[in-house]
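Subject: Structure handover, helix packing

Hello,

Here is the structure for your files.

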Amino acid sequence: MPVEPPAEPGSPRVIVVGGGWSGIAAAWNLHRAGARPLLLDEQPTLGGRSAAAPLGSRTVTLGGKNIGRKYASFRAFAAAMGARDADWEHFGINSSRIENGRVRTVDSTSRAASLAGLLSGVPLRDLARILRLARYVRSDRANAFLAGPEFDRLAARTGDPALSAYFGPVLQERLLRPAVVRMNGAEPDETHLGTFGTNLGMLLDSFDQLTGGFDGILDRFAETVETRTRTRVTALAVEDGRVTGVRAATGGATSELAADAVVLALPAPAAAELVHPHHPQLARLLGRVRYFPVAVVVAAYDRPVFDERVRALTFPPGSPLSNAGAYGVGDRHLVRYTFSGRAARALPRAEDGPAADTDGSADTDGLTDVDGLADLAEKELGAHVDLSAPRRTAAVSARWEHGLCAYSAFHTTTLTALAELAKDLQGLALTGDYVRGASVEACFRGAYASTDDLLRTLMPLPRPPV
């Protein structure tokens, strides 16, 4: 499929810092508008948490890989990068929990029955509240993202309480905690009502995944937009209140890269570090956005671990493992283990990024090595699933210190203040998972909005004739 023609040599040069989905979306939006983006990322490959990692004879995606049917912006991008309808396979939502010794499953292929079982026994007040929030998301897609109008109004009326203060324990255990601990790394007492639309948007969608992973579209993107990997941005260049470029290190060499504008498509703490020397107040506000660590292990076995009916299991608050699930509908011998939530934060810390099993490299000592994490995961899963027969043949893991964004109280107020303060540094745009939400689609929406604002200053439309 053809992509937009290259920009004219005189078009504005924009450096995009960050090679995750927010950075990719920002660079793509700038490219198709006629600017000349240069995307810089310190990792060896693009994709951020969705980058490919080797597992035996194949590659897997350690981070988010499931794409909702309602992810219009991302699906349009994937199509522009050559993805065809035949390249998508259904994944759906399938998650089980143990309740009174029985396995209770929520499955998007039997949505009505799953919903009835999930909400059975939920107090009427909580039932009315959650159904009203779901109606907000269904009636206006904007409510599935941060700064959704109905959720902003609700936060203003209620004081934006934590979910644990707004809903009772039954709904928290069955629905709220599994949603927020996996998507945001946060517990219900750490997640605010005004941002919960992002979680409901996911729960009310149905999901597919690309059969070949993201490699094809990432390769096509890198052929279309100029990118440099293994390049760490160490500082912003600012002159007279205007951002004029960056200082970047590649290997042992440091260079100054000039630009008409810079987009920081990074987690808020990383953006704050670059901004702080030039605007401490903006950096402090970025620091108010909360992030929690996440570790992921994908393990291969010589036979299926899950069956067709139960493909995933969520774990209670005392477990450092928040979720274990089959990698795909047809990949039930591959298991993706996710360590997130309050109990997982006690795990020893390792360097961010991927590590292979004992047949590979980059292992570290303690529970943060691949085998140690996989052993711990199997101990937790083995209490509910028979793991006596399957034999682990390979594993790969990664840990991200700022992996899951949990936003802030009255988050829209924070976003508004960030936008105002960022105006003090002309030529600077901010985007990331804290702007519209943590999903892939939210990252695209946030990046498009941020770069559209930037483009209006870099490439103003000609005035119509009088």
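In this predicted model, W21, I24 and W28 of helix α1 are in contact with F74, F77 and A80 of helix α2. By class, that contact consists of six nonpolar residues, with no polar and no charged ones.

As for the geometry, α1 covers residues 21-32 and α2 covers residues 72-80. Their axes come within 12 Å and cross at roughly 65 degrees. Angles of 65 to 115 degrees count as roughly perpendicular, so α1 and α2 are roughly perpendicular to each other. The crossing of α1 past α2 is left-handed.

Helix α1 also meets helix α14, which spans residues 440-458. Here the axes come within 8 Å, and the crossing angle is roughly 40 degrees. α1 is therefore oblique to α14. In this case α1 passes α14 in a right-handed crossing.

The residues in that second contact are as follows:

- From α1: W21, S22, A25, A26, W28, N29, L30 and R32.
- From α14: V440, C443, F444, A447, Y448, T451, D452 and L455.

Sorted by class, the contact of α1 with α14 has 11 nonpolar, three polar and two charged residues.

On the α1 side, W21 and W28 are listed in the contact with α2, and W21 and W28 are also listed in the contact with α14. I24 is one of the α1 residues that meet α2, while A25 and A26 are among those that meet α14.

Regards

Technical notes. Residues numbered from 1 in each chain as written. Predicted model: local features only at pLDDT ≥ 70, side-chain atom pairs only at ≥ 80, totals over all residues. Heavy atoms only, no water. Axes fitted to C-alpha atoms, helices over the stretch in contact; angles between N-to-C directions. Helix = DSSP H or I, 4+ residues; strand = E, 2+ residues; numbered from the N terminus. Parallel < 35°, antiparallel > 145°, perpendicular 65-115°, else oblique. Left-handed = near helix turned anticlockwise from the far one by under 90°. Contact = heavy atoms within 4.5 Å. Nonpolar A, V, L, I, M, F, W, Y, C, P; charged D, E, K, R; others polar.
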